[in-house]
Amino acid sequence: MTTPSSADLDAARLLLTRMGLSPEELLATPAARPPVPTFAEYIPIVSAAVTDGTRRVYGSYWNRIDAHWGHRRLDEPTPSEIKQLVEHVKINVVPRRNARGGRSAGEAPANTSSPPYAASTATPKTTGSSTRATIRPARSSNPAACPPPAAPSPTPASPRSTTSPPPPATTPHSTA
């Protein structure tokens, strides 16, 4: 171990003074800290503190964490163990009609509100003898965040033209 220089000692003394501490306080036995709660102890506290909507969104994730790590303290899982749990969830996903195949496991949302056009609903639209799905994007409260509407697609009642479009117009270059 290297002997600290007088400048290092002066800097440490200055820091302790600014923090309002004495060297003796550093050597004193630290006060007993309450133990970090387990996931099983803490998840109900968090669940009680959030809104019903947040509880519905995150409740299934909290249940998975409680099932895997309920007995563990919050500070115990390592980053690699968290990645392993994410992979476990992806592999053991229950396929449902509205499932995303575990692709969202491990993703943290930027905020709790859904981004514009994040969700869409498909409803069958019948025109004549054919049926096609019409995608209706989710509404956004921020019109600036919404992309411009796409050009309407042709309907079966009005088939596409079989003629090719006219060539682009060209203008003669003027020479000065």
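Okay, a quick definition to start: a residue counts as buried under 20% relative accessible area, exposed over 50%, and partly exposed in between. Keep that handy. And remember, this is a predicted model.

So take Tyr58. Its relative accessible area is 24%, so Tyr58 is partly exposed. Now look at Trp62: that one comes out at 16%, so Trp62 is buried. Both sit in helix α4, four residues apart, which is about one turn of the helix.

Next, helix α3, covering residues 39-49. Phe39, Ile43 and Ser47 are buried there. If you look down the axis of α3, those buried residues fall within an arc of 65°, so they line one face of the helix. Turn to the face pointing away from that buried side, and you find Ile45, Ala48 and Ala49, which are exposed. And what covers the buried residues of α3? The cover includes α4, residues 52-69.

Now, the largest nonpolar core. It has six residues: Phe39, Ile43, Trp62, Trp69, Leu85 and Val89. In soluble globular proteins, nonpolar side chains do tend to be buried together.

How many aromatic pairs does the structure hold? Two. In one, the ring centres of Phe39 and Trp69 are 5.8 Å apart with the planes at 40°, so that pair is tilted. This pair links distant parts of the chain, with Phe39 in α3 and Trp69 in α4, 30 residues apart. Phe39 and Trp69 are both buried. Then there's Tyr58 with Trp62, a stacked pair, at 6.1 Å centre to centre and 25° between the planes.

Terms used
Residues numbered from 1 in each chain as written. Predicted model: local features only at pLDDT ≥ 70, side-chain atom pairs only at ≥ 80, totals over all residues. Heavy atoms only, no water. Buried < 20%, exposed > 50% of the residue type's maximum accessible area, 1.4 Å probe, protein only. Helix = DSSP H or I, 4+ residues; strand = E, 2+ residues; numbered from the N terminus. Arc of directions from axis to C-beta. Contact = heavy atoms within 4.5 Å. Core = buried A, V, L, I, M, F, W, Y, C linked by side-chain atoms within 4.5 Å. Phe/Tyr/Trp six-rings, centres within 6.5 Å; stacked < 30°, edge-to-face > 60°.
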